[in-house]
Amino acid sequence: MNIILLGPPGAGKGTQAGLLVEHHGMRQLSTGDMLRAAVKAQTPVGLEAKAVMERGELVSDAIVSALIDDELAAMGADVGAIFDGYPRTEAQAMSLDAILAKHDRALDFVIELMVDEEALVDRVEGRYTCASCGEGYHDRHKQPAVDGVCDKCGGTEFKRRPDDNAETVRTRMAEYRAKTAPILPFYEARGIVQRVDGMAPIEDVTAAIEKVLASA
Ligand code: AMP
């Protein structure tokens, strides 16, 4: 199965993708994670993407589509793909079609996480993750049971994304509205868009996504 998780920053795409990986052995293809790894490793792609990401703008279509193509080429044909944060523009949606065809895959669903933008700024601004295992936390909504210690792995180092500040979040929202939301009709015309309430508790969102997958 191949699915796209679509929604603005903070909608819960990464959280839900992580759960699908756990439950179904699918693979999460997050262009944001790939780009952050490239920035950290100071590769040519990372050097080009760093400032763009810090401003909350979009990295070039050619770069992100090449990242996705490479990942799919390296994956087993029987492993399902969850596209998280890709495609984000009409050009990327077109590229994804070509890339999927090249790898003999077809898109099953585009799952749109419906969310309230104001609540998202609050969600994104306070979020941080365990530096060892990646478990997500939030200053106001989800703190570790023991202060400074990760519930999942016991790690004591945490990190925040440099682009998770109020100003950059607004730019990322604006980019979503202007460039990403307009690709929905493209998939709606194919009858594969399913909407899920992204403001519901995490486990309810997961249940709603599971229901969509089971309808395949
Ligand atoms: P994310 O982790 O998905 O929120 O992405 C973080 C940042 O990486 C975005 O604000 C963009 O600057 C960049 N990025 C991630 N995915 C894409 C994409 N598909 N197209 C363009 N830029 C992207």
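**Figure 1. Overall fold of the predicted model.** Residues 24 or more positions apart account for 69% of the contacts in the protein with a separation of 6 or more, a contact being heavy atoms within 4.5 Å. This is a predicted model, where local features need pLDDT of at least 70, side-chain atom pairs count only at pLDDT 80 or more, and totals for chains, interfaces and linings use all residues. Residues are numbered from 1 along each chain as its sequence is written, and side-chain values use heavy atoms, with hydrogens and water left out. The secondary structure comes to 9 helices and 8 strands. Helices (H or I, at least four residues) and strands (E, at least two) are DSSP runs, numbered from the N terminus. The radius of gyration is 17 Å, close to the 17 Å that the globule rule gives for 216 residues, so the protein is as compact as a globular protein of that length. That radius is taken over C-alpha atoms, and the globule rule is 2.2 Å times the number of residues to the power 0.38. The C-alpha trace spans about 50 × 40 × 35 Å along its principal axes. Of the 216 residues, 42% count as buried. Buried means under 20% relative accessible area, exposed over 50%, and partly exposed in between (1.4 Å probe, protein chains only).

Figure 2. H5 covers residues 90–102. Its 13 residues reach 19 Å from first C-alpha to last, close to the 18 Å expected at 1.5 Å a residue. The expected span is 1.5 Å times one less than the number of residues in the helix. Buried here are Gln92, Ala93, Leu96, Ile99 and Leu100. Seen down the axis of H5, these buried residues fall within an arc of 120°, so they line one face of the helix. The arc is that of the directions from the helix axis to the C-beta atoms. Ala101 and Lys102 are exposed on the other side of H5. The cover over the buried residues includes strand S1 (2–6), helix H4 (61–74), strand S3 (81–84) and helix H8 (184–188).

**Figure 3. Helix H9 and its buried face.** H9 covers residues 202–214. Its 13 residues reach 18 Å from first C-alpha to last, close to the 18 Å expected at 1.5 Å a residue. Val205, Thr206, Ile209, Val212 and Leu213 are the buried residues of H9. Seen down the axis of H9, they fall within an arc of 115°, so they line one face of the helix. Glu203, Lys211 and Ala214 are exposed on the other side. The buried residues of H9 are covered by elements including S1, helix H1 (13–24), strand S4 (109–114) and strand S8 (193–197).

Figure 4. Rings of Phe, Tyr and Trp (its six-membered ring) pair if their centres lie within 6.5 Å; planes under 30 degrees apart count as stacked, over 60 as edge-to-face and the rest as tilted. By this rule the count comes to 4 aromatic pairs. Tyrosine 137 and phenylalanine 158 form an edge-to-face pair, 5.8 Å centre to centre with 80° between the planes. Tyrosine 137 lies in strand S6 (residues 136–138) and phenylalanine 158 in strand S7 (residues 158–159), so the pair ties together parts that are 21 residues apart in sequence. Tyrosine 137 is buried, at 3% relative accessible area. Phenylalanine 158 is partly exposed, at 26%. Phenylalanine 186 and tyrosine 187 also form an edge-to-face pair, 5.0 Å centre to centre with 75° between the planes. Phenylalanine 186 is partly exposed at 23%, and tyrosine 187 is buried at 0%. Ring pairs link Tyr128, Tyr137 and Phe158 into a cluster. The charged end of lysine 142 sits over the ring of tyrosine 137, 5.0 Å from its centre. Arginine 190 lies over the face of phenylalanine 186, at 4.8 Å from the ring centre. A charge sits over a ring if NZ of Lys or CZ of Arg is within 6 Å of the ring centre and within 35 degrees of the ring normal.

Figure 5. Most residues other than glycine have a negative phi, and most peptide bonds are trans. A cis peptide bond joins tyrosine 86 and proline 87, with omega about 0°. Glutamine 42 has a positive phi, near 55°. Aspartate 104 is exposed, at 74% relative accessibility.
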